[in-house]
Amino acid sequence: MSKHHVTTTINGEPTEYLCEAQQSMLDVLRDELGLTGSKEGCSSGDCGACTVICDGDIVCSCLMLGVEAEGRSITTIEGVAQGDKLHPVQQKFLEHAALQCGFCTPGFIVAAKALLDQNPNPTEEEARYWLAGNLCRCTGYDKILRAVMDAAEVMRAEAAQ
Amino acid sequence: MSYLDKAALKIVGTRPIRPDGVDKVIGRASFGADYTMPGMLWAKVKRSPHAHARILKIDTSKAEKVPGVRAIVTAVDFPDIPSEEAFIGEGPMNFRDLSRNCMARDKVLYDGHAVAAVAATSNAAAEEAVDLIEVEYEVLPHVIEVEAAMAPDAPVLHDDMFTQGVEPKPTKPSNVAKKITFTKGDTAKGFAEAEVVIERKYSTKPVHQAYIEPHACVVAVAPDGQTTIWSSSQGQFMVRAYCAKLLGVDMANVRATPAEIGGGFGGKTLVYLEPVAMALSKKTGRPVKLVMSREEVFRGTGPAAGGTIEVKIGAKKSGRIVAAELVLKFQAGAFAGSPVGPGCMCAFAPYDLDNVFITGYDVVSNRPKVAAYRAPGAPNSSFGVESCLDELARELGIDPLALREMNAARDGTKTPYGPTLTNVGYMQTLEAAKNHPNLQIPLGPNQGRGVASGFWFNIGGESSASVHVNEDGTVAVVEGNPDIGGSRASMAMMAAEVLGIPYEKVRPVVGDTASIGFTFLTGGSRVTFATGMAVTQAAEKVVEQLKSRAAAIWDISAEAVEWKDGKAFPAGANAGSFEPLSLADIAMKSGRTGGPITAEVSINAQGAGPGFATHVCDVEVDRETGYVKILRYTAVQDVGRAIHPSYVEGQIQGGVTQGVGWALNEEYIYDKNGCLENAGFLDYRIPVASDMPMIDAVMVEVPNPRHPFGARGVGEVPIVPPMAAVANAIADAVGARMRDLPMSPPKLRAELDEQDPPRMAAE
């Protein structure tokens, strides 16, 4: 069975790869491209640990095929920080101790970034429902929500300048 | 030395950013499945589709022909290990059982039990080959529920299981592995004095630890037998010991490196994959990667025990309890070893009772072997006892906090299981709960408030740590416990506090089994206590060396040097007049004053202070659907001394949320053939962000004098009270007493329908 040639953009970089027809985007990221920041927690779209942004929308990369990335733009956790400058969501996750084991963290950060890109001023309830597709078993979500709400405030202040 | 004076602390008690944090927010941290090696093979496990069956034949011939397949292993590739109590895990375990849990021999004992494994050049080839392995089974009758498994006519899992703790010794095998009892005083006499007796039966379901990271490992066995294991576990030394034993090799030939661990909660205190990958690597001569799917995690690992809890409490009308009895029947899963012992011991531990009788049964059935889960055993028995206390409080018309205060354990209380409690902060948690502003918030219709308390022993044990001074005066700390929730930060903080240098100058790492002395696994809420003690002592030894090096530079005696704020000073005028020497000054000259400055300490830490918690939960019940919304949650806990308060709060908030899941949603659903029907996160529903409110974690600090900074374990007791707190809140809200977990919408709705039968539309 021959592989498919895919031309896409990942974290702003033009990227080409070969993948099997049945290979998920998550497997392509992790096994073909070495981008292991996206995690596999369930492979069924239930846990959100593999969340990436595809053309502005969050998707579970385990539910997307590698071939579907053709011509699109994908942002993974590795592309959230700008060089050595952490994204405000990343910085606030650290300051609020919003991670314990850290395994769900990449998915939460990608999902939260997408939320704040679309809605700079979410209510706590909106943020909770937006993040309801990301499972965390360690934190009880309290500090994650505080980090996201705090990051939103920082980003609004930055945008106002 | 002791650092109990909180006002004198500069670093301990602050909230710095964890040293491993950046790697984890940028996706660089390497977890179990993130590791690869050159020439690595991919492996998959073949699992039983039957709950109980004899393995008649395993035919691998078709699977071997799949292109890319390099090896297949079954039980014959592992030594047949005799029965022997294991010494290394968190819960009770037997090496023979562990070996057979990793790879079934003769019989499969649960749906999902491993029967074979394949290593191939790709994941796809391994998966294809697994499907082509043909296993011929003789299906046997199975049993899932604990009381059914105890019935005289139940299918017996193990022909050689004769109930221990029963006189005379049974002549017939059964599924009851063990009966245990604990007695204090005379309950017959106590109940005779009682003015009110409440006797109730409760039940809990087995629930999965549900860490988000599935089990994963990479194992490489070299031709000379030297083995490298990279895996996600709660203890690299546990992995080393189990793998060496199960494969029959010397520990010296096994080096286990802990990956970052994506959650464990007790569920990663055993091995499932590492011995299998090791056998495959040995057979192929190539590194082997083995990762579970989520379905495999549910079918093949954990869960926590479930079981029944029968509680009988006798009291005076004043509320003073005069007698208490408890019978626990716990699920062990396919092999003996449920946490019924700690379940028995923790149940009444928060109370000072004269007459107690407790019986526990450890029962096997055709489910996965249970693993530890956060305060193993205690949440089950406490759900029964704390619910029953609430029923007693309602019967007597006494405030539930006042009832607990009246009966609370204090310093000097003798527990029903023997030891006398010291250093008890339970009353302080009740006091703080009573005074919390959340308790003044008025409740609306269908809203209720529930109170429950909990106890967990906390443990100490064997820990090693080393502290190395770098040439520029910065410091490396090496410790032996996988960091499951921010413990690197705590270790660095304690070392920095002792050395008197900034937190950022200390970088902690978790060593592999060849890099640091033996350290018992991350569990039992022991790391900050025991390993923190080892780090503190190692840092103190380094301070002693720094003082003697300064003395050598100044040519005075070491006793004439004092260490303060990260610098050596002459201790008074008689010592002489010298400019202070900083850690960096001394480090730079260490080559000329005796060589590198390092210290390693190995201890068996004793005196872990007990953990007590009191939780108050407010709920609102939707009468139409039976849905329970958590409105607010106040979790008070004696934490000894919070080294890094944010991570202590995090432990409390996480434990509460897991408890809420256990209370309201989580359960295993089996079909009539004993196969698990909800082996995924869609149907096994753990709490999500929209299910929870913010959780008010209230830290009470009653310092533990046996720890240099006063720390006591904090990770486990927060999961003990929530189930009863939620049940008691539901009873308060709508008068429905839910005695069987989970209190899911259909069950609560059925209770409400009984209160107020639904009328037909025609009526």
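The model is predicted.

Start with chain A. Its domain assignment gives domain 1, residues 4–79, and domain 2, residues 88–160. The centres of these two domains, taken over C-alpha atoms, are separated by 21 Å. The two domains touch. Domain 1 of chain A brings 13 residues to the contact, and domain 2 of chain A brings eleven residues. On the domain 1 side, strand E3 of chain A, residues 51–54, gives the most, with three residues. That side of domain 1 of chain A divides into seven nonpolar residues, five polar and one charged.

Now turn to chain B. Helix H14 of chain B spans residues 487–499, and helix H15 of chain B spans residues 527–554. The two pack with their axes 9 Å apart, at an angle of about 30°. Angles under 35 degrees count as roughly parallel, so H14(B) is roughly parallel to H15(B). The crossing of H14(B) past H15(B) is right-handed.

Which residues in H14(B) meet H15(B)? They are B:Ser487, B:Ser490, B:Met491, B:Met494, B:Ala495, B:Val498 and B:Leu499. Their partners in H15(B) include B:Val527, B:Thr528, B:Thr531 and B:Gly532. Further along H15(B), B:Val535, B:Thr536, B:Ala539, B:Glu540, B:Val542 and B:Val543 also take part.

Key:
Residues numbered from 1 in each chain as written. Chains lettered and ligands numbered in written order. Predicted model: local features only at pLDDT ≥ 70, side-chain atom pairs only at ≥ 80, totals over all residues. Axes fitted to C-alpha atoms, helices over the stretch in contact; angles between N-to-C directions. Helix = DSSP H or I, 4+ residues; strand = E, 2+ residues; numbered from the N terminus. Parallel < 35°, antiparallel > 145°, perpendicular 65-115°, else oblique. Left-handed = near helix turned anticlockwise from the far one by under 90°. Contact = placed C-beta atoms within 7 Å. Domains from an automatic or database assignment. Nonpolar A, V, L, I, M, F, W, Y, C, P; charged D, E, K, R; others polar.
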